Every structure is written in C-alpha cells, then in structure tokens.
Amino acid sequence: MRRRLAALATLSLILASSGAQAASGDPVGDLIMSVITGVLPAGPGWNLKATLYHAGAKGVGALDSLGCRVVAMRTVAIDSRLIPKRSVLFIKETVGLAMPDGTAHDGYWYASDTGGAIKGQRIDLYTGKGARSMGQVRTLNLASLSAIKVGDFKGCPPG
C-alpha cells in the first residue's frame, strides 16, 4: 500500500511539474489528483446563485431535460446559454455534504436539467425526495456558489 501511495505521489509531482492534468472525462480521478497535488480542478468558472428543488415539488418530474432520471445531489439545472448541457461541474462548497447513501459529496454535479426560472448566473440543485432532503444544502451560502466546468459526460449522469 505504501508503494502505491508513493507511486501516486511521484506521478502527481511529475504531472504537476510538466503542467499536465488528469483527464477531464474522469471527475473522480480529477478529485484524487486535486487532493494529491493540492490544486483544484480548472476550467471555465462561474459565481452563481443557487436554488434547490426536490421530488414531490410542483412541476418537478422524475426525468431531467435530457430524458434521464434525476439523481439526488448530482443533477443540476442550468441555463444552457451560459453552461452547456452535459457539463460536469465542480462546486467546491458542496464537498463534504452527506450523500443519500451516507458517503461524503465529492463536489461533482451533472448539468442535465433546465428550468423556466433558471436564467443567467443561476443554478438549481436537485436534492432528492421531499423537502426534508434540502435541509443540509440550505446551510450553504446559496447566494454565492462557485462552479467550475471540469469536463463533459455522455449519455445519462451516473447515479
């Protein structure tokens, strides 16, 4: 195990010194590299105002605008004129929030939904089933979240 960690640390130093970055198609790999190197993912970024939505609210369906199942604590509704659909976003303020399965959130969200009220510098985070699912996310400063595009996804967001 120590050899593997040493190899990862050496690889990260080589990549950092060469200016190379982890593949943007692998958000988890990017997160691991950012932890090892101490550098946050890079890409186009936005300061956004966020709102929350949940299953059971009026007008919220089980599918996003791509026709995929909405995924709690992963699906984000965006204005596609600002943030392209199928973008993988890193929202640093959400790192560490509890996921529905009890694990800690890694900060990665999938831009697969849109909404009538989502215009410009706004996003809407899908929290899960029922209003109670929004509780922990309400502790964030929703008036100012920073999102960085770290890649794109194909098909439906993982869930």
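In this report, Ala, Val, Leu, Ile, Met, Phe, Trp, Tyr, Cys and Pro count as nonpolar, Asp, Glu, Lys and Arg as charged, and the others, Gly among them, as polar. The structure is a predicted model, in which local features need pLDDT of at least 70 and side-chain atom pairs count only at pLDDT 80 or more, while totals for chains, interfaces and linings use all residues. Residues are numbered from 1 along each chain as its sequence is written, and side-chain values use heavy atoms, with hydrogens and water left out.

**The second largest pocket**

On a 1 Å grid over the protein atoms alone, a pocket is an open set of points where a 1.4 Å probe fits, with protein on both sides within 12 Å along at least five of seven lines; lining residues have an atom within 4 Å of a point. The lining of the second largest pocket divides into 8 nonpolar, 2 polar and 3 charged residues. Of the 13 lining residues, Arg 69, Val 71, Ala 72, Pro 100 and Gly 159 lie nearest the centre. Strand S5 (residues 122-129) supplies the largest share of this lining, 3 residues; strands are DSSP runs (E, at least two residues), numbered from the N terminus. The pocket holds about 170 Å³ of space, a volume being the space filled by probe spheres set on the grid points, which are joined across faces, edges and corners.

**The disulfide**

A disulfide is a covalent bond between the sulfur atoms of two cysteines. With the criterion of a pair of cysteine sulfur atoms within 2.5 Å, the count comes to 1 disulfide. Cys 68 and Cys 156 form it, with their sulfur atoms 2.0 Å apart. Cys 68 lies in the loop between strand S1 (45-55) and strand S2 (75-77) and Cys 156 in the segment after S6, so the pair ties together parts that are 88 residues apart in sequence. The torsion about the S-S bond is about -80 degrees, so the disulfide is left-handed.

**Accessibility and contacts**

Buried means under 20% relative accessible area, exposed over 50%, and partly exposed in between (1.4 Å probe, protein chains only).

| Residue | Relative accessible area | Class |
|---|---|---|
| Cys 68 | 3% | buried |
| Cys 156 | 47% | partly exposed |
| Ala 147 | 2% | buried |
| His 54 | 12% | buried |

Contact means heavy atoms within 4.5 Å. Ala 147 is found in strand S6 (residues 145-152). Not counting residues up to four places away in sequence, Ala 147 touches Pro 44, Gly 45, Trp 46, Leu 48, Phe 90 and Ile 91. The C-alpha atoms of Ala 147 and Lys 92 are separated by 7.2 Å, although these residues are 55 residues apart along the chain. His 54 is found in strand S1; with the sequence neighbours up to four places away not counted, its contacts include Val 60, Tyr 126, Thr 127 and Met 134.

Terms used:
Helix = DSSP H or I, 4+ residues; strand = E, 2+ residues; numbered from the N terminus.
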